[in-house]
Amino acid sequence: VLLGKLFFTPGPAQLYPTVEKHLLEALQSDLGSISHRGKQFQQLFAQTTENLRQLLSLPDDFGIYFMGSATEIWEKSLASCVEKNSFHFVNGSFSKKYYDFAKELGLTPFKVETEMGFGFDVEKIEIPEETEVICCTQNETSSGVQMPAHDIHTLKDKHPDKLIFVDAVSSMPHPHFDWSKVDSVLFSVQKAFGMPAGLGVWIANQKTLAKAVELKTKGLLKMPYHNLLSLAENGKKNETPATPNVLYIYLLGKIAEDMLKKGVENIRQETKTKAELLYNFCEKSDLFEPFVQNKAHRSETVVVANTHKPSADIIESLKKENIVLGSGYGNLKEKQVRIANFPSISVGQVEMLIEKLSKQ
Ligand SMILES: *Cc1c(COP(=O)(O)O)cnc(C)c1O
């Protein structure tokens, strides 16, 4: 039985099935009112970061910090760690914005840019020597193109002296990072973690922190509210610089715990299975066609398909059955659908969606 709608939108997205239960428990435990400088909050912060650490197999030299959104972390990561030059892989609206933020901050960013629907041949890309931080968008949500984790790792092999920052907003916890080859990863919770929006998570290692200290020493670290140093200083006490979203920090810890019970490898395997079902369907269909041609660059968590009739008609028709699909992004709105393949959606639900799409 479908209670309410089923969301295949790439964020905000279908809620994880246990959200309601945990949220209710949080309210009943007064988490909406407790002090963020007290023991109860410190324990909660410690528990959530511990659960995430386990889920992601994150080494101890990485800190986990909470902010309002991923967009905020774009800004603070650049402001905290780049003196002059960042380098950006740009292949859609989100990666473009990360680059634009660097310009807005008065930095001198470099970029390599491809058309929508295309990824990168990482081996062939020249990165200027003076680059301090390389910014990658692991999963470009606007176009459904992924940068495979091993391509990101290759960047570190080639440029061990540069920091590697990864926007994995619409894929975490799916990508399997080698933590010796990335320095910072950021995500927000309204995508693959299946939570309501309002929390961003910044994972940063000691090298990232050292860069922020260097900027501070030079008098270049502005941003008094949230910068990496204020986050790290408070994080040591299991606290945050300002009053945080306590409810959602709790909720994220609980969902990470649920995911741990299910097993992160099981979740990743299920994601692969569902992505294959969706891409296979699109390849055989007369109405849909995968947007991303290069199979290695096809996102496993956001499937984008060209539609041979206005996508609004398809979206409207499914809405009548309480199924919500994402439209194309920006000027591709009319010509594409975007289908989120997040852990909140089961294999059975993807099969049901395909059944309905095949009748369009
Ligand atoms: C959604 C998204 C963002 C922005 O996330 P917010 O939480 O809205 O700030 C950034 N990057 C990618 C790849 C996204 O999909």
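Two strands pair if DSSP finds at least two bridges between them. Helices (H or I, at least four residues) and strands (E, at least two) are DSSP runs, numbered from the N terminus.

## Basis

This is a predicted model, where local features need pLDDT of at least 70 and side-chain atom pairs pLDDT 80 or more, while totals for chains, interfaces and linings use all residues. Residues are numbered from 1 along each chain as its sequence is written, and side-chain values use heavy atoms, with hydrogens and water left out.

## Strand S14 and its partners

In S14, arginine 338 is the bridge partner of glycine 326. S13 and S14 pair in the antiparallel sense, over two bridges. S12 (residues 302-307) also pairs with S14 in the antiparallel sense, here over five bridges. Asparagine 306 stands opposite glutamine 336 of S14.

Five of the five residues of S14 are buried, so the strand is largely enclosed by the rest of the structure. Buried means under 20% relative accessible area, exposed over 50%, and partly exposed in between (1.4 Å probe, protein chains only). Gln336, Arg338 and Ala340 point one way, Val337 and Ile339 the other. In a regular strand, side chains alternate between the two faces of the sheet.

## Aromatic pairs

The structure holds eleven aromatic pairs. Rings of Phe, Tyr and Trp (its six-membered ring) pair if their centres lie within 6.5 Å; planes under 30 degrees apart are stacked, over 60 edge-to-face, the rest tilted. Phenylalanine 87 and phenylalanine 89 are edge-to-face, 5.4 Å centre to centre with 75 degrees between the planes. Both are buried.

Phenylalanine 94 and tyrosine 329 have ring centres 5.5 Å apart and planes at 55 degrees, so this pair is tilted. Phenylalanine 94 lies in helix H4 (residues 93-104) and tyrosine 329 in the loop between S13 (323-327) and S14 (336-340), so the pair ties together parts 235 residues apart in sequence. Tyrosine 329 is partly exposed, at 23% relative accessibility. Phe41, Phe45 and Phe66 form one aromatic cluster.

## Ligand site

Of the 13 residues around the ligand, Thr71, Thr141, Asp167, Ser188 and Lys191 come nearest. Helix H3 (residues 70-81) gives the most to this shell, with three residues.

Polar contacts are pairs of N or O atoms within 3.5 Å. A polar side-chain atom of threonine 141 lies 2.4 Å from a ligand oxygen atom. For a side-chain N or O atom of glutamine 190, the distance to a ligand oxygen atom is 3.0 Å.

Note on methods: Near = heavy atom within 4 Å. Polar contact = N/O pair within 3.5 Å; in protein donor to acceptor, adjacent residues only side chain to side chain.
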